Each structure stands twice: as C-alpha cells, then as structure tokens.
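The sequence and the structure are shown below.

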Amino acid sequence: MTTVSPTPDTTPVTPPATTPQVSADQNPPPSMRLRELAFGAACAAAVRAAARLGVADALGGTPASAAELALVVDAEPVPLQRLLRALCCYGIFSETAEGKFVHSDMSRLLREDDPNSLKYISLWCTEPWTWEVWPRLDDAVRSGTSVFPETFGKGFFDYLHQDAGESAQVFNRAMTTSSVQSAQDVADLLDLTGVSSVADIGGGQGHVLASLLEKHPSVRGTLLDLPGVVARADARLREGGRFADRVRIVPGDCREDIPFEVDLYIIKNILEWDDESTRRTLANVVAAARPGARVVIIENLVDDTPSMRFTTAMDLLLLLNVGGAKHTRESLVGRMSDAGLRVGEIHPVNAYLHAFECVVP
C-alpha cells in the first residue's frame, strides 16, 4: 500500500509534544475503570477497523494528518480522526500537538510488513462470528458447553469452512503468523542433544519442525496433521524444499493414531479440545513411543504467566466456539500423568507459552 510519507518506516518518531493520553499509571477510579471495560468492544472494534482499513500500513515514518491518511485508505477524514484518537487512548498510534498522527510500538504491529505483525491475529479475534457468541457467554458458563452449534446450526469448523470462507482465510493467516513467530522461540529453547528424529504432532504447516531442522542439520523430522492441513505445509518441507530429504509428511489425525516412533514428540497448542480428545492424543503418543522417548508439550497457561489477560480471554473464546479450554499448570500436568508420562521440568518459551518436558517410561 502507498504511504502518505516517502520516509521508510524503520525508526520510531517521537514528536516534540503530544496531547494527553490515557495510560495505565493514571489509575482511574474503579467506577471509571469498569465503564471502560464495559465499553471494551469499542476498543476491539477500533483495532479491527484500523486493520481492515490498513491505516498502519498507510502511515509512514513521518507524522500525517487524518485527512492525509484518509486519502490513502479511502475513508472520510473526520471519522478517521475519531477512530485514531480512540486508538491513541490505548497506546495504538500517538497524536502530536499539531494534531497529526505517528506510529507507536503497538500500531507498528498492525502493519502487514512488520516481522512481528499481529494484523491477522487482530482480525481473527474480531471476526463477525465472535460478535454473535460473546453475548452468550453466560449461557456457555451455565451449560459448560459451546454455544456455537445452537447459534449457527452447526459446529465451529464446519461453519468456518462451509459458510465463512473469508473468515477461514483470516484464520489460516492468523495461525500461520502465530506459528511462524513462535517457531524460532521453540527452536531456541529445545536442546536436541542425542535426538536424531523429531515429530511435530498436529503441527499444522510445520513451521516449528522447519525451524528445528534448520538449526539441527543431522536431525530428521515428521509432520503429522490432517490431510488438508499438511497439503499446505511449509515449502521447506515439501518436495523440492530445503529439508524435503529429511522429512516425512504424514496425513492423519493424532486423536486416532500416531503411526511412527521418534526420539522426540512435540505437541504444541492442540491440547485445548475437549478432555476426551486430549486423553486420546496423549494415549496415542505413549502407545507409539519407545521407552525413554521425550515428549515436549507446549501450551498457553491461564495461571502463572505474564499474559493472563490474553490467555484467559482465549480460554473463554474456546469455551464459546468449540467447548475447549486452556490449561492451568496443574490441570495439564494431571492429564500428562494420567496418560502415563513422567513430567519433568517446565520452561517458559516466551511471554505466552510454556514447554513441559516429559519422558515415556
């Protein structure tokens, strides 16, 4: 997208003065804080609007007025200024004393070309179906089950792929972005000393596996996921790719069978289904693995983490759409132990993921 400024967007611009903005350390009184939280949908909607309009992509490295940005994103100047001022209150963009707008650390994350971009994750969390299920959270809490089938007449993934093609594309891009961004963190964390073979179970397009193979040239890898998922595997893993001669791609469902032995099994962000699916997956790993094989389970936690607001929100959304749940440290260890795994050390991967080291007895 064309920007309003020819200056490359590589360094933060600090204006000489800014208009007053809301900050966490201002500590509003409880009555105002609750009002702000009750209007939380406005903030989410504003983030979504900015992402869909491409405002962050349009804003370059120098201050720009709402009128200048409006020409680029095809919007009306005054409503766009209102949107930007609302976002500035949350630290997404900043407004100068002259009434122009500049990037903040958070607004840069809405740029499509930012290496840590959260544009598609922000869109995924605010897709149209979310606005229909959030108001029914009380029903989900009463019943303990997903409200999606009753709301849309079918299960979440059936709806996504049959009735909401655009949302499915956003989902795929968001999951790819998230996986790519965390893959290097996982590769940097894991010690593969003594490991000659590794499998990514339910590993999506295999970004974690590709990062591990890149870092460890002597290791061979296996990617297991549903046929439609592995068909879109990372190009480095497919025929003709850099690691194709060290990889086997296995279409399948880890809840049904895991038909191979390896030294290390990685299970990342898939044990958030219903308890029966989690139990079957872990049982299949234990059944497939030789004694002494390592199993590393990587998950978001809803306790003992610096990202509690994020992970607890995901936990509630999982309840609404698929009847799933994020885990506490205790609940995840319990499920691993019940499956027969011997649980060892637990390591933070980054601000929102933890890795549980396990061994098959």
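The model is predicted: local features need pLDDT of at least 70, side-chain atom pairs count only at pLDDT 80 or more, and totals for chains, interfaces and linings use all residues. Residues are numbered from 1 along each chain as its sequence is written, and side-chain values use heavy atoms, with hydrogens and water left out.

**Helix packing**

Helix α2 spans residues 40–53 and helix α5 residues 77–88; they pack at an angle of about 125°, with their axes 10 Å apart. Helices (H or I, at least four residues) and strands (E, at least two) are DSSP runs numbered from the N terminus. Axes are lines fitted to C-alpha atoms, for helices over the stretch in contact, and angles run from 0 to 180 degrees between N-to-C directions. The pair α2 and α5 is therefore oblique, since angles under 35 degrees count as roughly parallel, over 145 as roughly antiparallel, 65 to 115 as roughly perpendicular and the rest as oblique.

On the α2 side, the contact (heavy atoms within 4.5 Å) is made by Ala46, Val47, Ala49, Ala50 and Leu53, and on the α5 side by Leu80, Leu83 and Leu87. By class, this contact of α2 with α5 has eight nonpolar, no polar and no charged residues. In this scheme Ala, Val, Leu, Ile, Met, Phe, Trp, Tyr, Cys and Pro count as nonpolar, Asp, Glu, Lys and Arg as charged, and the others, Gly among them, as polar.

Helix α12 (residues 165–189) and helix α13 (residues 207–215) pack at an angle of about 35°, with axes 8 Å apart. Here α12 passes α13 in a right-handed crossing. Among the residues making the contact are Thr176, Val180 and Asp188 of α12 and His207, Leu212 and Lys215 of α13. The contact of α12 with α13 divides into six nonpolar, five polar and two charged residues.

**Salt bridges**

Side chains of opposite charge can pair when their charged atoms come close. The structure holds 25 salt bridges, each defined by a side-chain nitrogen of Lys or Arg within 4 Å of a carboxyl oxygen of Asp or Glu. Three of them are listed here.

| Pair | N to O distance |
|---|---|
| Arg33 and Glu36 | 3.3 Å |
| Arg236 and Asp234 | 2.7 Å |
| Arg255 and Asp253 | 3.1 Å |

Arg33 and Glu36 are three residues apart in helix α1 (residues 30–38), and are thus separated by about one helical turn. Arg33 counts as partly exposed at 33% relative accessibility, and Glu36 likewise at 25%; buried means under 20% relative accessible area, exposed over 50%, and partly exposed in between (1.4 Å probe, protein chains only). Arg255 is partly exposed at 26%. A network of salt bridges links Arg136, Asp138, Asp139, Arg142 and Glu150.

Asp234 lies in the loop between α14 (227–230) and β5 (247–251). Not counting residues up to four places away in sequence, Asp234 touches Gln205, His207 and Ala210.

Asn321 is found in helix α16 (residues 308–321) and counts as buried, at 8% relative accessibility. With the same exclusion of residues up to four places away in sequence, Asn321 touches Trp129, Ser146, Phe148 and Phe156.

Terms used:
A crossing is left-handed if the near helix is turned anticlockwise from the far one by less than a right angle, and right-handed if clockwise.
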